[in-house]
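Me: I am new to this structure and would like to go through the labels used for it. Please show it first.

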Amino acid sequence: MIVHWTELTKDQFGELKENSVVAVNFSSTEQHSNHLPVGTDGYIGEAVLLEAARRAKGTVVVMPAVRYGYSPHHRFAPGYVTLGQDVLTALCRDVCGCVADNGFRKMVIMNSHGGNMAALHSAVNEIGEEYEGRLDLALFRYWDLVGDVVARVRESAVGGTSHAGEFETSLMMYLRPDIVHPELIEECSPAPSDAYNETDLAGRKKYVSFYSFDRFNASGHIGQPHLASPEKGKMFFEGAAAAVAEFLDFWREN
């Protein structure tokens with residue numbers, strides 16, 4: 001059951017803090033090739049979290065989403081807004097600290113932009129150090145919960161479902177077709193991988209490195225958006241909403 005943090009009066013929080021889980025989505029504002037808007041990560045993340053909260057058996061208090069993240073690897077294209085990692089960590093830490101100080105004991109951060117993970121993980125560590133025993137806080141990327149769905153639905157090879165590729169483009173075709181530009185989609189090969197790192201949403205990654213997202217093509221996507229469809233987007237979305245709902249209930253109960 002979904003409850004919106006911003007719709008509550010000051011006197012309604014007390015009845016929710018003991019048996020609810022608080023959830024917030026962190027995303028980004030950055031280029032998503034020629035065919036998707038710069039708000040793609042936020043549109044997808046918010047839609048998944050809101051639908052998951054509606055489906056959850058327990059009460060989920062959803063906070064306003066944070067649509068700015070760590071995105072310096074997208075500076076080559078207009079439209080980016082990037083925070084420093086220290087700023088993002090501090091923002092996340094302060095938001096979560098306020099949730100704890102308001103008396104809530106369970107919280108999740110759902111990340112929908114891969115570049116945020118290091119900073120958000122640092123915030124989780126800092127909150128754990130200060131609020132251990134008071135706030136149980138979990139951080140996850142929504143796509144990590146739907147690997148089975150992606151594997152079943154995708155047509156692309158490894159390297160086809162990364163940034164603005166088959167996965168995100170399909171989701172946006174389903175969720176917001178009005179702001180997708182299919183006529184600008186480029187047909188391309190999967191992004192190359194190496195023996196230690198697969199350049200794919202669901203790929204094996206044994207090391208971390210930094211690179212600009214125009215590394216593989218000038219348009220800025222990593223993957224095969226020409227294989228996307230709204231039908232695939234619906235299957236990806238349904239799978240993600242169901243998986244996140246299940247996790248929200250798990251975290252609230254344990």
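The turns below take up the sheet, the helices on it, a loop serine, the cysteines and the aromatic rings.

Me: What kind of model is this, and how are residues numbered?

Reply: This is a predicted model, in which local features need pLDDT of at least 70, side-chain atom pairs count only at pLDDT 80 or more, and totals for chains, interfaces and linings use all residues. Residues are numbered from 1 along each chain as its sequence is written, and side-chain values use heavy atoms, with hydrogens and water left out.

Me: Which strands are called edge strands, and why?

Reply: The open sheet has five strands in the order β1-β3-β2-β4-β5, with parallel pairing. β1 (2–4) and β5 (136–141) each pair on one side only, and they are the edge strands. On average, neighbouring strands of this sheet are turned by 25 degrees against each other, direction ignored.

Me: Which helices lie on the sheet, and at what angles?

Reply: Helix α1 (residues 40–55) lies across β1, β2 (20–26), β3 and β4 (106–111), and runs at about 165 degrees to β2. Helix α6 (residues 230–253) packs on the sheet and touches β2, β3, β4 and β5, making about 150 degrees with the direction of β4. Axes are lines fitted to C-alpha atoms, for helices over the stretch in contact (heavy atoms within 4.5 Å). Angles run from 0 to 180 degrees between N-to-C directions.

Me: Why is S156 called buried?

Reply: Buried means under 20% relative accessible area, exposed over 50%, and partly exposed in between (1.4 Å probe, protein chains only). S156 has 8%, so S156 is buried. This serine is found in the loop between α4 (147–153) and α5 (166–175). Leaving aside neighbours within four places in sequence, S156 is in contact with T161, E166, Q224 and L227.

Me: How do you know that C92 is in no disulfide?

Reply: A disulfide is a pair of cysteine sulfur atoms within 2.5 Å. By this rule the count comes to zero. For C92 the nearest cysteine sulfur, that of C96, is 4.0 Å away. C92 is buried because its relative accessibility is 0%. For C98 the nearest cysteine sulfur is also that of C96, 9.3 Å away, and C98 is in no disulfide. At 45%, C98 is partly exposed.

Me: Why is the pair of Y174 and F237 called tilted?

Reply: Rings of Phe, Tyr and Trp (its six-membered ring) pair if their centres lie within 6.5 Å; planes under 30 degrees apart count as stacked, over 60 as edge-to-face and the rest as tilted. The centres of Y174 and F237 are 5.9 Å apart and the planes stand at 45 degrees, so the pair is tilted. Y174 is in helix α5 and F237 in helix α6, 63 residues apart. Y174 is partly exposed at 31%, whereas F237 is buried at 7%.

Me: What makes F247 and F250 a tilted pair?

Reply: Their centres are 5.9 Å apart and 40 degrees lie between the planes. F247 and F250 are three residues apart in helix α6, so about one helical turn separates them.

Note on methods:
Two strands pair if DSSP finds at least two bridges between them. Helices (H or I, at least four residues) and strands (E, at least two) are DSSP runs, numbered from the N terminus.
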